[in-house]
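Hello,

Here is the structure I promised to pass on. My notes on it follow below.

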Amino acid sequence: MYKYAIKGGHPIHGEIKISGSKNAALPLMVASILTDEDVILHNVPSLLDIDVLIKLLDRLGKKTEFKNGTAIIKPNNRTDLEAPYELVKKMRASIIVLGPLLAKHGFCKVTLPGGCAFGPRPVDLHIKGLEALNAKIKLNEGYIEAKATKLKGTTIDLNGKYGPTVLGTDNVMMAATLAQGTTVIQNAACEPECEDLANMLNTMGADIQREDNGTLIINGVKKLHGTEYTIIPDRIESGTFLAMAAASRGSLTIHNTNEKHIESVLDILENIGCDIKRNDTTISIKAKKHLKPFDIESLPYPKFPTDLQSIFTTLACTINGTSSLTEKIYPDRFMHVPELIRMGANIEVSDGVATVSGNGKLLSAEVQASDLRAGAALVIAAVCADKESNIHRIYHIERGYEKLEKKLQSIGINIKKIKDNIL
Ligand code: EPU
């Protein structure tokens, strides 16, 4: 295991290039299951989650050559239609192989992903959607077993207790591309990653349209062909670096981003006193010394993303006054809070709301990442803290931030990745 040792206390300055989106790359790579032809994807980030997916795809009939951000995915000779526990437990997004395997091969077996550090993470909506398409699904010894002689289009409402489901929408959308007739997905997720998947599938010969109210209309086709496609930039990585610049009262320019995907985030940063300059693919931020406290709620796109809630909690700690962060997608996603408290933060969590009484200071400490975004929140806290902090269990962070150490060094942060004896 490794840890980050970060000597904080200085504003960040400089420029970085944002990587391709992890949460788009995963479903787009999985979409290769729907065709027998080659799929070439550009702007794929090099991350632990991508490595896990490459191993999983190899079991499911696809061999991936991945070099310099380009993944070439070709058929191999395997016909194993099972996503096993040892891979799915490493990455719960593996559940999205369910829809495409079913559509292409009429059968699949995927281990139930279970919960994660921030809550139970059910998959009932994925199952409901695929059953509506005529799949027969049973749960057997921890596995979802799905069969379908022919998937049939229908109208499906994918709204859940906490709004639409991103990967559930992806699963049903991919299955519906090869179903007989038309599928209408009401309350489909509208996240840019879902849009990117729909756009890519259309380049493969699918017929997917999005109505103004977000409903997806998918006319099934007989076959999908190969494609060459470039994945969107990572909006959560963009938001993380912008928040880091604000929290350290620094300035930063991020390239290869898409400002339209993070409007809610940029609005908040502007409202609290950051100077933001944006064009389509580049955003510059310069933070004033005194920023204003804020209140945010995480909600489905285009509202503020849950994946930046922990990160903005750290930002709130650096601002004098009371801020509140309401988590409406995962009410228990506050694993970062006890660690931030160890760094001197004053935060109370009650009923899905974190109330931060910021005093402008964070103190260095030994802390540990409990999940990807909680870990990113601690990195920002360490950048702002007075002396050296050590962040343990950084494998969580490496699941989703490409070349983080190098990027941080390039904007003036004293960070080292070192062997860790604390498990
Ligand atoms: N939900 C259900 N039933 C379901 C599926 C979801 O009740 O069948 C609930 C969830 O428990 C949650 C809400 O619906 O309360 C939304 O969950 P969603 O299904 O949209 O989450 P996901 O698709 O599993 C993706 C991202 C997450 C991100 C969420 C929300 C990927 C690989 N993961 O997860 O990203 O937080 O959407 O935007 O795309 C991350 O990158 O750190 C991360 C966790």
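Start with a helix cap. Asp371 caps the N-terminal end of α12, with a side-chain oxygen 3.0 Å from the backbone nitrogen of Arg373. That is a polar contact (a pair of N or O atoms within 3.5 Å; within protein, one must be able to donate a hydrogen and the other to accept it, and residues adjacent in sequence count only if both atoms are side-chain atoms). Helices (H or I, at least four residues) and strands (E, at least two) are DSSP runs, numbered from the N terminus.

Some ground rules. This is a predicted model: local features need pLDDT of at least 70, side-chain atom pairs count only at pLDDT 80 or more, and totals for chains, interfaces and linings use all residues. Residues are numbered from 1 along each chain as its sequence is written, and side-chain values use heavy atoms, with hydrogens and water left out.

Back to α12, residues 372-384. Its 13 residues should span 18 Å at 1.5 Å a residue, and the end C-alpha atoms are 19 Å apart, which agrees. The expected span is 1.5 Å times one less than the number of residues. Of its 13 residues, 13 are buried (under 20% relative accessible area; exposed is over 50%, partly exposed in between; 1.4 Å probe, protein chains only).

Now the ligand. It has 23 residues around it, and Leu125, Thr165, Leu167, Asp307 and Ile329 come nearest (near means a heavy atom within 4 Å). The side chain of Asp307 puts an N or O atom 2.6 Å from a ligand oxygen. For Tyr330, a polar side-chain atom lies 2.9 Å from an oxygen of the ligand. For Arg333, the corresponding side-chain distance is 3.4 Å. Taken alone the ligand exposes 830 Å², and the protein buries 91% of that (Shrake-Rupley method, 1.4 Å probe; for residues, only the protein chains shown count as cover). Helices α1 (22-30), α5 (124-132), α6 (166-177) and α12 each supply at least two shell residues. α5 gives the most, with three.

Last, the cores. A nonpolar core is a set of buried Ala, Val, Leu, Ile, Met, Phe, Trp, Tyr and Cys residues joined through side-chain atoms within 4.5 Å. The largest has 73 residues; Met29, Leu41, Val97, Leu151, Met173 and Leu201 touch the most other members. Apart from it lies another core of 70 residues, among them Ala247, Ile262, Leu372 and Ile397.

Best wishes
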